[in-house]
Amino acid sequence: MAFLSPLALVSALIIGPIIVAMYLLKLRREERRVSSTFLWQRVVRDVEANAPWQKLRRNLLLLLQLLLLALLVLALARPFLRTTGIAGRNLIVIVDRSASMAATDIAPNRLAAAKRQAITLIDQLPDDGRATLIAAGGQTEILVSASTDRRQLRDAIDSIGTRSGGGSDLAPALTLAAALSAREAESEIAIISDGNVRPLDALQPVPATVRYFPIGQGGENVAVSAMALQPSPAGQTLFVQATNYGQGQASRRLDLYLDDQLFNAYSLTIAPGADQSIIANIPAQARKAEARLVEAAGGDALPLDDRAWAVSSVGEGTNVRLVSPGNRFLEVGLAGLPSIKATLVPTSTAAFTETAAQIPVTIFDSVVPATLPPGNLFFIAPPRSTEFFSVTGQVDFPALRPSPGDEPLLRNVKLSDVSVLKANTLVPGAWAHVVVDGDGGPMLVAGERDGRRIVVLAFDLHNSDLPVQIAFPLLLSNIVAYLAPGSGAEAAQLAPDQPLAVAVDPSITAVRVTHPGGAVAELALRNGQAIDAETDAPGVYTVEQFQGDKLVARQRYAVNLFAPDESKIAPQAELKVPQTSGLQQATTSERVGRQEFWRWLAALALIVLVIEWLVYQRNGIAYLRQRWRERRARTA
């Protein structure tokens with residue numbers, strides 16, 4: 001135990017002897033009955049003749065007052081114990097709320113344990129310390145900024161909930177924390193997570209000490225990692241894949257439901273790190289399918305990835321317009337996508353009369369018309385600039401560098417072996433993020449602007465070997481699925497938090513979406529689209545379009561947590577974070593935190609003060625109690 005204000009202990013050496021001296025110098029007069037004032041005067045003379053210093057006698061009040069003094073002095077000295085925590089006065093807490101933090105290997109779950117750890121760190125702050133609370137995982141949010149209000153910080157911590165989508169990318173939160181800590185002295189950054197995050201090595205060194213508090217104990221987890229429902233000659237074909245992300249062999253039962261009715265059950269035995277697939281023929285009239293993993297005894301460590309959904313695209317299709325001088329690779333690739341109806345339009349076309357509802361996606365192959373059509377757009381080797389991007393030149397033999405992390409457009413796609421002869425130099429706007437980078441500029445960008453999705457590929461397919469690679473049909477399928485979610489590509493699969501954009505005709509007056517929990521919301525119509533951004537919960541979303549009171553269209557979309565980075569729930573003991581001090585790893589085990597307990601001493605001192613007052617007033621209290629008893633006796 002140590003003290004923050006040890007000089008306060010000196011006050012005990014000054015005040016203590018004074019209290020004792022008061023009891024030594026005090027003249028004690030005893031109450032006596034006398035028959036004469038002569039005797040009274042004699043008693044007074046005897047007392048006056050006594051010496052002022054008396055022998056110290058055992059006295060309860062003296063002991064209570066000395067105990068009260070000791071407690072107050074200790075509280076003023078601010079004792080503390082060294083703990084694993086923080087030592088700065090300006091604390092920035094980053095709480096991971098991604099899907100893996102819903103694991104139940106710690107009761108009730110990891111996020112609850114992380115919130116308890118955050119409250120412990122807040123309690124370790126000195127009285128004048130400030131804290132900033134950042135929630136990471138999905139969209140980064142600053143919940144509280146530089147606050148000294150402990151109640152406000154606790155309430156903000158309690159409000160944090162898990163997010164299914166967005167993954168565990170702590171880079172935005174750390175970048176924000178680094179900027180905040182650079183302006184304040186004695187700053188520390190605390191990361192509370194299970195460590196299953198995207199690499200942080202590429203970050204600029206953080207100008208503060210970063211401490212990592214790992215959460216989690218186990219790593220055994222089996223997940224439904226893929227699911228698709230496709231049309232077939234016999235009706236429909238359902239594909240389900242389960243993956244064992246743990247270190248031991250796992251036995252599970254897989255239950256399949258069609259339109260909420262049990263269809264079949266399968267027994268699975270999956271080796272560590274392996275997967276097992278089920279392919280089933282199902283009736284053409286089935287509209288949705290659900291897969292549930294059931295453990296033989298108890299529940300799974302991460303319930304979020306034990307269920308998955310797929311919706312039928314039978315009888316539905318999406319029109320895609322291809323504006324091209326003739327590209328056999330594109331035509332064959334689009335023809336191979338289920339429920340995609342591609343229409344080839346000559347490059348001389350100058351006017352587009354169809355609405356976004358009629359043709360939601362337009363692909364421009366080596367051409368950019370003067371007037372762009374409504375709906376989502378896919379540019380391939382654009383020859384000139386547009387309002388969305390600029391073309392500034394060409395680059396020869398660019399090497400492709402796919403962006404790290406879980407990028408939906410690159411799912412199951414490997415582009416490192418693709419060779420490109422030449423490509424346009426793109427300068428995208430702020431709306432775009434780089435999917436594939438290259439020498440001289442980005443090679444593939446994607447994003448949203450004014451409610452429409454846009455993808456730009458910098459090189460002509462004929463100037464690369466991409467069309468002869470296995471990656472081409474997968475990349476094309478991913479791009480079409482991104483531009484036309486629910487088109488039947490990937491069986492209308494969406495990732496959690498991925499906005500659901502539905503193209504609507506001008507005659508549509510209302511669009512309503514029913515969420516998996518049953519809640520119904522009406523979507524705003526803008527630029528020929530209805531967008532639902534509240535897609536964090538996995539399950540089936542049903543979108544209905546109305547003309548007045550008449551239902552004219554119904555579409556279903558499946559949101560699933562197919563995220564290996566989140567299903568691998570084994571906690572990481574270390575977290576690499578570059579710091580300006582030279583450290584490359586967030587510290588975890590240093591006992592630099594201070595757990596003060598002066599408040600408990602002050603509370604105990606208050607209790608002793610009350611007891612001392614009761615002892616001092618015991619005669620008066622006894623007198624009042626006697627009077628009260630006498631009054632009760634008279635009234636009885």
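This is a short tour of a predicted model, stop by stop.

**The whole chain**

Start with everything shown. The protein has 636 residues, and 46% of them count as buried. Colour by secondary structure and you get 11 helices and 33 strands. The accessible surface comes to about 31500 Å², with 54% of that belonging to carbon and sulfur atoms. Now think about contacts with a separation of 6 or more: residues 24 or more positions apart account for 69% of them.

**Helix H3**

Select residues 60-77. This is helix H3, with 18 residues. From first C-alpha to last, H3 reaches 26 Å, close to the 26 Å expected at 1.5 Å a residue. Show the side chains next. The buried residues of H3 are Leu61, Leu62, Leu64, Leu68, Leu69, Leu71, Val73, Ala75 and Ala77. Step past the end of the helix to Arg78, which follows H3 and has a positive phi, near 55°.

**A cis peptide bond**

Go to Ala107 and Pro108. The peptide bond between them is cis, with omega near -10°. Pro108 sits in the loop between strand S3 (90-96) and helix H4 (110-124).

**The S8–S9 hairpin**

Select 222-232 and 235-244. These are strands S8 and S9, running antiparallel and joined by 10 bridges. Two residues lie between S8 and S9 in this hairpin.

**Salt bridges**

The structure holds 18 salt bridges.

- Arg292 and Glu290 meet at 2.8 Å, N to O. Arg292 is partly exposed, at 27% relative accessibility. Glu290 is buried, with a relative accessible area of 5%.
- Asp439 and Arg401 meet at 2.9 Å, N to O. Asp439 lies in the loop between strands S22 (432-438) and S23 (441-449) and Arg401 in strand S20 (residues 400-402), so this pair ties together parts that are 38 residues apart in sequence. Both ends are partly exposed: Asp439 has a relative accessible area of 33%, and Arg401 has 40%.
- Arg512 and Glu522 meet at 3.7 Å, N to O. Arg512 is in strand S27 (residues 510-514) and Glu522 in strand S28 (residues 520-523), so the pair ties together parts that are 10 residues apart in sequence. Arg512 is partly exposed at 30% relative accessibility, while Glu522 is exposed at 53%.

**Positive phi in two loops**

Most residues other than glycine have a negative phi. Select Ala381, where phi is positive, about 50°. Ala381 lies in the loop between strand S18 (376-380) and strand S19 (389-396). Is Ala381 buried or exposed? At 10% relative accessibility, Ala381 counts as buried.

Move on to Asp497. Phi there is also positive, near 75°. The loop holding Asp497 runs between strand S25 (493-494) and strand S26 (500-503). Asp497 is partly exposed, with a relative accessible area of 22%.

**The nonpolar patch**

Select Leu606, Leu609, Val610, Trp613, Leu614 and Ile621, which make a nonpolar patch of about 550 Å². Which helix gives the largest share of the patch? Helix H10 (residues 598-616) does, with five residues. Leu609 is found in H10. At 41% relative accessibility, Leu609 counts as partly exposed.

Key. Residues are numbered from 1 along each chain as its sequence is written. This is a predicted model: local features need pLDDT of at least 70, side-chain atom pairs count only at pLDDT 80 or more; totals for chains, interfaces and linings use all residues. Side-chain values use heavy atoms; hydrogens and water are left out. Patches are made of residues with over 30% relative accessible area and no salt bridge: like charges are joined within 9 Å, nonpolar side chains (Val, Leu, Ile, Met, Phe, Trp, Tyr) within 5 Å. Accessible areas come from the Shrake-Rupley method with a 1.4 Å probe; for residues, only the protein chains shown count as cover. A salt bridge is a side-chain nitrogen of Lys or Arg within 4 Å of a carboxyl oxygen of Asp or Glu. Helices (H or I, at least four residues) and strands (E, at least two) are DSSP runs, numbered from the N terminus. Buried means under 20% relative accessible area, exposed over 50%, partly exposed in between (1.4 Å probe, protein chains only). Contact means heavy atoms within 4.5 Å. Two strands pair if DSSP finds at least two bridges between them. The expected span of a helix is 1.5 Å times one less than its number of residues.
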